[in-house]
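Open the model in a viewer and keep the sequence panel beside it. The stops below each name a selection and then say what is there.

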Amino acid sequence: MNKRSSIFGNPSPAPTLDVGDFQPKAIPETRPPPAEIDAASRFKSREAAPEASVDLPSTKRKPMTYRTGRNVVLSIKTSQEMVDRFYSLAETKGWKVGETFERALEALSREL
């Protein structure tokens, strides 16, 4: 029957290895010049080209905000057609979004 080793007992000595003759290989440096590395990497800068950013039209609406004391958000679900009509009306009249909403409520209140 094999006797288990105790975790509290003295461990048996590990065999010793002679590594005195170990020497790393001498590899000559064959690194290419930095210019050649840059050419091979084909790194593209993250900075936008000035002419590309000026000519492209924005896909976002222009911000229609200014300081008015309006600080409460109203979020509603509606169709894309109604959203486009709302923003088109605001843009045509030169009103901000909050002002357009207020005028629409006033007009609806007068009508009723």
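Buried means under 20% relative accessible area, exposed over 50%, and partly exposed in between, with a 1.4 Å probe and protein chains only. This is a predicted model, in which local features need pLDDT of at least 70, side-chain atom pairs count only at pLDDT 80 or more, and totals for chains, interfaces and linings use all residues. Residues are numbered from 1 along each chain as its sequence is written, and side-chain values use heavy atoms, with hydrogens and water left out.

**Whole chain**

Start with a cartoon view. The protein has 4 helices and 0 strands, in the order α-α-α-α along the sequence. Helices (H or I, at least four residues) and strands (E, at least two) are DSSP runs, numbered from the N terminus. Of the 112 residues, 4% are buried.

**Helix H1**

Select residues 34-41, which are helix H1. How many of its 8 residues are buried? The count is 0, so H1 is hardly covered. Then pick Arg42, which follows H1 and has a positive phi, near 55°.

Move to residues 80-93, helix H3, and select Thr92. Thr92 is exposed, at 63% relative accessible area. Its side chain reaches the backbone oxygen of Ser88 at 2.7 Å. That is a polar contact: a pair of N or O atoms within 3.5 Å, where within protein one must be able to donate a hydrogen and the other to accept it, and residues adjacent in sequence count only if both atoms are side-chain atoms.

Next, show rings. A search of the whole structure finds 1 aromatic pair. Phe86 and Tyr87 form this pair, which is edge-to-face, with 5.9 Å centre to centre and 85° between the planes. Rings of Phe, Tyr and Trp (its six-membered ring) pair if their centres lie within 6.5 Å; planes under 30 degrees apart count as stacked, over 60 as edge-to-face and the rest as tilted. Phe86 counts as partly exposed because its relative accessibility is 24%. Tyr87 is also partly exposed, at 24%.

**Helix H4**

Select residues 97-111, helix H4, and centre on Thr100. Is Thr100 buried or exposed? Thr100 is buried, because its relative accessible area is 2%. Leaving aside neighbours within four places in sequence, Thr100 is in contact (heavy atoms within 4.5 Å) with Phe86, Leu89, Ala90 and Trp95.

**Salt bridges**

Now show charged side chains. The structure holds 2 salt bridges, each being a side-chain nitrogen of Lys or Arg within 4 Å of a carboxyl oxygen of Asp or Glu.

- Glu102 and Arg70: the closest N and O atoms are 2.8 Å apart. This pair links distant parts of the chain, with Glu102 in helix H4 and Arg70 in the loop between helix H2 (50-55) and H3, 32 residues apart. Glu102 is partly exposed at 38%, and Arg70 is partly exposed at 37%.
- Glu99 and Arg103: the closest N and O atoms are 3.4 Å apart. Both residues lie in helix H4, 4 residues apart, about one turn of the helix. Glu99 counts as buried at 18%, whereas Arg103 is partly exposed at 40%.

An α-helix has 3.6 residues a turn, so residues three or four places apart point the same way.

**Nonpolar patch**

Finish with a surface view and select Leu74, Ile76, Phe101, Leu105, Leu108 and Leu112, which make a nonpolar surface patch of about 650 Å². Patches are made of residues with over 30% relative accessible area and no salt bridge: like charges are joined within 9 Å, and nonpolar side chains (Val, Leu, Ile, Met, Phe, Trp, Tyr) within 5 Å. Leu112 lies in the segment after H4 and is exposed, at 81% relative accessible area.

Notes
Accessible areas come from the Shrake-Rupley method with a 1.4 Å probe; for residues, only the protein chains shown count as cover.
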